[in-house]
Amino acid sequence: MISVYHYLILSAIIFSIGTFGVLTRKNAIVIFMCIELMLNSVNLTFIALSRHLQNMDGQIFVFFVMAVAAAEAAVGLALMIAFYRNRESIDTDDFNMLKW
Amino acid sequence: MATWIFYILGAVAVVATAMAVTRRNPVHSVIYLVNSFFALAMIFYLLGAPLVAAWEVIIYAGAIMVLFLFIIMMLELSPGEEADRQGPGALQWLPVLLLGAALLTCTLLLLQLDPAAGQAVPNWYASPRDFGYVLFHEYALAVEIVSFQLLFAAVGAFYVGRAASREKQPGGQQ
Amino acid sequence: MSALELQSLLPQIILALGATTVLMLGAWYPSRKWILGGVVIALFAALSAGLMTPAVPEVGNLYSTGSYARFFVVLWSLLGALSLLLSLRYAEIHDLPGSEYCALILFAICGMSLLSAATSLIGLFLGLEAFTLVFYILIAFKREDSRGAEAGLKYLVMGAVATGFLAFGISLIYAASGSFHLPEAFAGLEQAGGMRPLGLAGWALMLVAIGFKVSLAPFHLWTPDVYQGAPAPVTGLLATGSKGAVFASLVPLFAALGPLKADLEQVLWLLAALSLLAGTFAALPQRNLKRMLAYSSVVHMGYLMIGLLVGGSEAHRALLFYLISYAFATLAAFGVLTSFSRVDDEPQEYADFRGLGYLHPRRSSLLAACLLSLAGIPPLVGFFAKFGIIAAALKGGYPGLAVIAVLAALTSLYYYLAPIVVLFMQQRDARQLRRGCRHEYFVLALCFSAILLLGVYPAPLLDLLTGILP
């Protein structure tokens, strides 16, 4: 039988893979995808807990996480276009005008 | 049965996620990410959250990932156009095919289990109706805030993404 | 939601609807005068928060309308109005669109007011995201400046990772308690059930996210780059309002934490000490005023963290007093930078300021006063603020932290005096800088009188803070 811990472990694995990607990848778009992954693993936790606790609040939170993620993606991609227009690259190695 | 589906979907999600994070070509990452989102959506369905599962597919796999794909193609970030001309090698398409096949199997299996009938989810099931009631009844204020947030995100994205123009605004001071 | 609840949330509704109105009208009548309209809206919100008695204590189980929350609505609205006034000439010379800029700042103030009023983890999440999202855009608002886009992208990547950690932390706290509403969430955590370790892990993840947002060491690396790349008035609001709002939301959170705080004590101690040390050492070699202010803000966050760690109403009062004194001095410092800025660039490097004290004596003295207040020189307000925090640390039984705080304050004299020396003691070879305008002088005079008056006569503010603390 699958308990809530199985779901939590699965989501922790995905969250860690996402964090790993954020730390190791150089391409800003891929870093952004990894952040979406992290948020998705959070969604999984909420859905699993929502069922475990027999309580709708967890699913409601997922709704807000999705909305925030969509807003962040829109702004982030616009910023990437702005950065690319100036620098012809979105590699984090090129984030060097300001001392990192 | 539900146990098996969970393990297959969990494996698909983890493998697809790992592949997405490690691919060099951003387009490949997007494809694996979509796989991972589909697996997660099915797990949501298994957990008695059909509405959120649908959103996962519509918003994440549909809207956000297409937006990513659009930007990748617009900025021409995908490397190795010469390699693409010969068609992708088996090593490139085989993992996606396997993951997709696993997802398809799970979909067929899921169709056998109807969560509403209480087989897969013995104790709890959130129908879209219940969800909508709680969302717009208890959390109406939060919905308003989040919609304002989306509005200003759209305004900001329009403003920042538009190319800078040097035309002067009328009516400015001094 | 009833009409009474809407009426209780009036200040935030004024801000949000005002922002959309300005945005919409700006589409038909583009003008930089809208920034002045934004100032009026922000002041109106502050007035309504200050004068109106809310009908219900809590709206929708999300946001409190108590006197503590309303005090911060007033504070953030005032800070927002001041930074809008500061932006007037800046927007003119950099050709920024008035209505969009004004609407975004107003919505950022709305988000900060919501965050400091949050009584639920959902409210906290949404308030925090509302204004960080706006700041991503505001930082990159000068489109022709590629440093702005770079700073915005850096802040966005860091902020989005922090969002992930925050959401994961909230999910674990939810696991342990089954509720987002803070009193229930804490009650759930206090019972030693099977999920309690998960709840503690959730708190740890939330602390990581908060560390990112307020730039506590070791999560502070984005701070100098973002400060440097962002437009000066935006940096002013980012340094004061956005960090302040997070602390304002943490104070009631920690006041309600109860016995759980013992489990977090060592982590908080470490965060405070690391911020004090790392900020101090990084600030010492800086030759760029914005970067120096960024690293020194890490030190100030360390002081605020001490107040949070010690706990109790006296330490929390010291924390809020410190927050206000830091906000006015920092805003004025960025205000001086704004008023020195020219069409092509804003001066940041110390070399740009050489001998400027003779060319623009009033503004340079004001900058010096702000830096001295931040360093904690009496009779300016920074001295009392630091004194309050260190006294609270000693009384609360944290002598080690008090020693580190005193050492950090002494060392801070070196890096705060360095720009003052450049301003007044060296031969003048500064290029002719732009004259300021009267709006900027008004803001600067107001901030200066605040840091001087509160330093000489802090009692009324302290009494007020005692009254509003939960």
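This is a predicted model: local features need pLDDT of at least 70, side-chain atom pairs count only at pLDDT 80 or more; totals for chains, interfaces and linings use all residues.
Student: Let's start with chain A. What makes up its fold, going from the N terminus?

Tutor: Chain A has three helices and zero strands, so the order of elements reads α-α-α.

Student: How do you know how chain A stands against a compact globule?

Tutor: Look at the radius of gyration: chain A has 17 Å, while a compact globule of 100 residues would have one near 13 Å. The C-alpha trace of chain A spans about 55 × 25 × 20 Å along its principal axes.

Student: And what share of chain A is called buried?

Tutor: Buried residues are 66% of the 100 residues in chain A. The label asks for 20 or more other C-beta atoms within 10 Å of a residue's own. As for contacts in chain A with a separation of 6 or more, 44% of them are between residues 24 or more positions apart.

Student: On to chain C. Why is helix 3 of chain C called roughly antiparallel to helix 4 of chain C?

Tutor: Helix 3 (residues 34–51) and helix 4 (residues 67–94) of chain C pack at an angle of about 170°, their axes being 8 Å apart. Angles over 145 degrees count as roughly antiparallel, so helix 3 of chain C gets that label relative to helix 4 of chain C.

Student: Which residues make that contact?

Tutor: From helix 3 of chain C, they include C:I35, C:V39, C:A42 and C:L43; from helix 4 of chain C, C:V73, C:L78, C:L84 and C:L88 are among them. By class, the contact of these two helices has 15 nonpolar, five polar and one charged residues.

Student: Now the place where chain C meets chain B. How many residues does each chain bring?

Tutor: Chain C brings 28 residues and chain B brings 21. On the side of chain C that touches chain B, helix 2 (10–28), helix 4, helix 5 (98–116) and helix 6 (121–139) of chain C each supply at least two residues. Helix 6 of chain C gives the largest share, seven residues. By class, that side of chain C divides into 18 nonpolar, two polar and eight charged residues.

Student: Which peptide bond has omega near 0°?

Tutor: The one from C:A217 to C:P218, which is cis. C:P218 sits in the loop between helix 9 (196–214) and helix 10 (223–229) of chain C. Another cis peptide bond joins C:P378 and C:P379, with omega about 10°. You'll find C:P379 in the loop between helix 16 (361–375) and helix 17 (381–395) of chain C.

Student: What is there to note about phi of C:N61?

Tutor: Phi of C:N61 is near 55°, a positive value in a residue other than glycine. C:N61 belongs to the loop between strand 1 (58–59) and strand 2 (63–64) of chain C.

Student: What about C:D95: what is its phi, and where does it lie?

Tutor: C:D95 is not a glycine, yet its phi is positive, about 60°. C:D95 lies in the loop between helix 4 and helix 5 of chain C.

How values were computed: Residues are numbered from 1 along each chain as its sequence is written. Chains are lettered from A and ligands numbered from 1 in the order in which they are written. Helices (H or I, at least four residues) and strands (E, at least two) are DSSP runs, numbered from the N terminus. The radius of gyration is taken over C-alpha atoms; the globule rule is 2.2 Å times the number of residues to the power 0.38. A residue is buried if 20 or more other C-beta atoms lie within 10 Å of its own, exposed if 12 or fewer, and partly exposed in between; C-beta atoms are placed from the backbone. Two residues are in contact if their C-beta atoms, placed from the backbone, lie within 7 Å. Axes are lines fitted to C-alpha atoms, for helices over the stretch in contact, and angles run from 0 to 180 degrees between N-to-C directions. Angles under 35 degrees count as roughly parallel, over 145 as roughly antiparallel, 65 to 115 as roughly perpendicular and the rest as oblique. Ala, Val, Leu, Ile, Met, Phe, Trp, Tyr, Cys and Pro count as nonpolar, Asp, Glu, Lys and Arg as charged, and the others, Gly among them, as polar.
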